[in-house]
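Here is a short report on one protein chain. It follows the strands and then the helices around them.

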Amino acid sequence: MGRRVGVLGAGVMGSGIAQVLAAAGHDVVCHDLSADALAAGEANVRAGRFGLGTAVERGKLSAKEADAALRRLCFTGDVERLYDTDVVVEAVPERLDLKVTVFRDLDRRCRQDTILASNSSGFPISALAAATDRPDRVIGWHWASPAPVMKLAEIVRAPSTSDATTEFVVDLAEGAGKNPVVIKDAPLAWGYVANRVYFAMVCEAARVVQEGVATAEEVDQLMIDCFRWPTGPLAMTRGAGTGWS
Ligand SMILES: NC(=O)c1ccc[n+]([C@@H]2O[C@H](COP(=O)([O-])OP(=O)(O)OC[C@H]3O[C@@H](n4cnc5c(N)ncnc54)[C@H](O)[C@@H]3O)[C@@H](O)[C@H]2O)c1
């Protein structure tokens with residue numbers, strides 16, 4: 001069933017998340033404060049490396065499906081368009097103060113039953129839930145970059161998150177072709193599961209380089225050759241920040 005979805009932030013992640021959910025049949029409104037971000041986000045969806053146009057060229061989507069997805073997707077500077085939605089996925093920069101502020105704001109203004117999901121890379125979901133009067137409807141939904149390609153759906157459940165909220169987001173993620181895994185919020189550690197384990201590896205990779213044992217390029221190459229990863233841990237940190245453009 002098509003849902004009404006809001007995405008807060010049209011940057012690297014928000015624009016990709018909006019694209020995926022529109023392609024999955026939902027009506028999506030993507031809001032950003034920056035007109036440049038909105039224009040860049042829309043351009044990415046239309047003709048970027050992982051956009052709908054490219055998906056059509058590669059035979060992953062028909063032109064008709066891509067057109068229908070674009071019709072369901074709206075990029076707007078009008079934040080009020082987010083308020084009458086079933087779920088809002090927050091994708092503003094990784095600053096806890098900013099996320100708490102936008103969660104407070106969304107809580108005050110969104111429909112009472114709107115689920116508020118965060119694509120934070122690792123902040124405690126319980127902290128965001130505590131900033132609202134709807135802690136049962138707050139959840140983490142961590143995506144990976146590029147959102148249209150990567151299957152990750154790390155669903156982070158705070159102690160207050162309800163079964164209904166979790167089921168709703170798991171269904172949405174599955175319907176969008178992702179592979180949801182529900183995990184517990186662990187407020188004392190940054191990074192949920194994927195980033196905790198990944199950053200442990202990045203720290204060790206950086207230590208190897210610092211000790212002069214190998215260069216960054218050599219570390220990356222060894223990890224690719226040893227584990228068949230598509231890229232090494234150090235190149236990964238550079239690529240993710242730019243949306244692999
Ligand atoms: N880049 C990645 O690989 C990646 C992967 C997974 C999760 N994340 C997480 O996703 C979130 C967003 O990351 P990103 O890389 O897309 O950042 P980004 O900087 O590309 O985009 C963030 C957007 O949010 C907008 N914004 C800031 N404040 C706003 C507000 N109050 N209202 C509306 N829009 C606002 C900015 O104008 C910007 O366009 C972060 O929490 C990040 O940790 C990033």
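Three bridges join β6 to β7, and these two strands run antiparallel. Across this pair, W141 stands opposite I155 in β7. The model is predicted: local features need pLDDT of at least 70, side-chain atom pairs count only at pLDDT 80 or more, and totals for chains, interfaces and linings use all residues. Residues are numbered from 1 along each chain as its sequence is written, and side-chain values use heavy atoms, with hydrogens and water left out.

Some terms come first. Helices (H or I, at least four residues) and strands (E, at least two) are DSSP runs, numbered from the N terminus. Two strands pair if DSSP finds at least two bridges between them.

## The sheet

I155 also stands opposite V182 in β8. Here β7 and β8 pair in the parallel sense, over six bridges. These strands belong to an open sheet of eight, ordered β3-β2-β1-β4-β5-β6-β7-β8, with mixed pairing. Axes are lines fitted to C-alpha atoms, for helices over the stretch in contact, and angles run from 0 to 180 degrees between N-to-C directions.

| Strand pair | Sense | Bridges |
|---|---|---|
| β1 and β4 | parallel | four bridges |
| β4 and β5 | parallel | four bridges |
| β7 and β8 | parallel | six bridges |

β1 covers residues 4-8 and β4 covers residues 87-90. V7 has V89 of β4 as its bridge partner. Moving on to β5, the bridge partner of E90 is S118.

In a regular strand the side chains alternate between the two faces of the sheet. Both faces of β5 are covered. I115 and A117 are buried on one side, L116 and S118 on the other. Buried means under 20% relative accessible area, exposed over 50%, and partly exposed in between (1.4 Å probe, protein chains only).

Contact means heavy atoms within 4.5 Å.

Helix α7 (residues 163-175) lies across β4, β5 (115-118), β6 (138-142), β7 (152-157) and β8. It runs at about 25° to β6. T166 is found in α7. With a relative accessible area of 7%, T166 is buried. Which residues touch T166, leaving aside its neighbours within four places in sequence? They are I139, R157, T161 and V182.

## Helix α2

Helix α2 (residues 35-47) has 13 residues, which at 1.5 Å a residue should span 18 Å. Its end C-alpha atoms are 18 Å apart, in agreement. The expected span is 1.5 Å times one less than the number of residues.

A37, L38, G41 and V45 are buried in α2. Seen down the axis, the buried residues fall within an arc of 100°, so they line one face of the helix. The arc is that of the directions from the helix axis to the C-beta atoms. On the other side, A35, D36 and A47 are exposed. Cover for the buried residues of α2 includes α1 (12-23), β2, α3 (52-57), α4 and β3.

S34 caps the N-terminal end of α2. A side-chain oxygen of S34 lies 3.3 Å from the backbone nitrogen of D36.

N195, Y198, V202 and A205 are its buried residues. They cover an arc of only 85° around the axis, which puts them on the same side of α8. An α-helix has 3.6 residues a turn, so residues three or four places apart point the same way. The face of α8 turned away from its buried side carries the exposed residues V197 and Q210. G212 follows α8, and its phi is positive, near 80°.

L234 lies in helix α10 (residues 233-242). It counts as buried, at 13% relative accessibility. Leaving aside its neighbours within four places in sequence, L234 is in contact with V202, A205, V209, A216, V219 and D220.

Key:
Polar contact = N/O pair within 3.5 Å; in protein donor to acceptor, adjacent residues only side chain to side chain.
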